[in-house]
Every structure is written in structure tokens, then in C-alpha cells.
Amino acid sequence: MPSLRSGLLVVSALGFAAVAVAHGAPHSKAEEAIDYRHSVYHVIAWNVHRMGAQVEGKAPFDKDAFAVQAARVAMLAPMLPEGFPEGSYVKGKTDAKPEIWQNRAEFDELMKKLAARSATLADVAKSGDLAKIKPAFGDLTQACKNCHDKFKAD
Ligand code: HEC
């Protein structure tokens, strides 16, 4: 029964399209990279915001939760650079400035600082000592800002 077979093919093709649309299917390798880096940033920001609230006294300090949040950021930070492959500037889809790919060495250096500072914070967080954690957290957020000021459009 060829009609049933082609009918099934149409249904499965539509099903795939629906899933792809529901997940906001990227249209190109560049957009796939943009989705990837946005995703990593969102998870990092989720954790950084929670740590920030504790450091600023807006939320109770929970040393175990803080240590987990810091460890997550330390794990995620080194995943960022691969989210910026050559050619992944797409006007209107990204806040990344094209200068990244003209100053790649500087950008990578700022990424390395982020990774190093997030590793330091994760280490210090194990102590549960807020007096030590505060400056290490400040160093981390400064690393975010240093790069955003230069390479992220607002
Ligand atoms: C070495 C550079 C660099 C560092 C370090 C950096 N960022 Fe970013 N960040 C960017 C760039 C570039 C973008 C824009 C990405 C895009 O839109 O494609 C961005 C985007 C973001 C976004 C928005 C994502 C979106 O969906 O639009 C968040 C949130 C974010 N960064 C948080 C952070 C936090 C928190 C830190 C520090 C813990 C940090 N970033 C460190 C360069 C950096």
C-alpha cells in the first residue's frame, strides 16, 4: 500500500518538523553556536545570581548550596570558548560583537581569566567562609564585566 507508506512518511516528517520548531531549531551552524553559548550563559547566570544574592545578604547564606553553585560555574566556564567559532556572528541574533573574531587572542585571554577565577571561587567556596568567598566572588563578576564591556553589545 504505497499511499499508506507515503502517508506515514509525511506524518513522520511533520512530526520531526514540529519537534524541531518547538526546540527553536537552529537554521545554520552559526545559529547553532549562538544557541549553544546562550544556553551555557543562562545556566551560569542562574548560579551567579543565586550566589550574588547570598553574598549581598539578600538571601540566607547556605554554604553547601553556594559550593554547588560555584562548582557548576567552574565546570561551565571552560565550555564557553567553543561557543564562539569563527563565522558565528549573525546580525540581529547575537549580542556578541564582531570584534571578538578580530581580537580572538584577547577574547580567549578574558575567557581564561573567567575559567581561572571560577575555579578559585569553587575552591574557596568549599571553606564555607563568607569573608573569603566575597572577594573571590567579586573577582569572578569582574571577569564577566571586563569582557562584556569590550565584546558584548548591550
Ligand atoms: C570572554 C568574554 C565573556 C566573559 C568572561 C563572560 N561573558 Fe557573558 N557574554 C559574552 C558575550 C560576547 C555575550 C553575547 C553572546 C551572544 O549574544 O551570542 C555574552 C552574553 C551573556 C549573557 C546573555 C545570554 C543571552 O541569551 O543573550 C549572559 C546572561 C551572560 N553573558 C552572563 C555572563 C556571566 C554571569 C559571566 C561571568 C560569570 C559572563 N557572562 C562572562 C562574553 C563574555
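Trainee: Which residues have an N or O atom in the side chain at 2.7 Å from an oxygen atom of the ligand?
Mentor: In this predicted model, a polar contact is a pair of N or O atoms within 3.5 Å. An oxygen atom of the ligand is 2.7 Å from a side-chain N or O atom of Arg-37. The value 2.7 Å also applies to the side chain of His-38, and again to that of His-42. The residues are therefore Arg-37, His-38 and His-42.

Trainee: Which helix supplies the largest share of the shell around the ligand?
Mentor: The ligand is surrounded by 22 residues, and His-42, Thr-94, Cys-144, Cys-147 and His-148 are the closest. At least two shell residues come from each of the helices H2 (29-55), H4 (104-125) and H5 (130-151). The largest share is seven residues, and its source is H2.

Trainee: How many aromatic pairs does the structure hold, and what is the angle between the planes of Phe-84 and Trp-101?
Mentor: The structure holds five aromatic pairs. One of them joins Phe-84 and Trp-101, with 6.4 Å from centre to centre. Planes under 30 degrees apart count as stacked and those over 60 as edge-to-face, so the rest are tilted. The pair of Phe-84 and Trp-101 is tilted, with an angle of 40°.

Trainee: Where in the chain are Phe-84 and Trp-101?
Mentor: The pair links distant parts of the chain, 17 residues apart. Phe-84 and Trp-101 are each in the loop between helix H3 (63-76) and H4.

Definitions and conventions: Residues are numbered from 1 along each chain as its sequence is written. This is a predicted model: local features need pLDDT of at least 70, side-chain atom pairs count only at pLDDT 80 or more; totals for chains, interfaces and linings use all residues. Side-chain values use heavy atoms; hydrogens and water are left out. A residue is near a molecule or strand if one of its heavy atoms lies within 4 Å of it. A polar contact is a pair of N or O atoms within 3.5 Å; within protein, one must be able to donate a hydrogen and the other to accept it, and residues adjacent in sequence count only if both atoms are side-chain atoms. Helices (H or I, at least four residues) and strands (E, at least two) are DSSP runs, numbered from the N terminus. Rings of Phe, Tyr and Trp (its six-membered ring) pair if their centres lie within 6.5 Å; planes under 30 degrees apart count as stacked, over 60 as edge-to-face and the rest as tilted.
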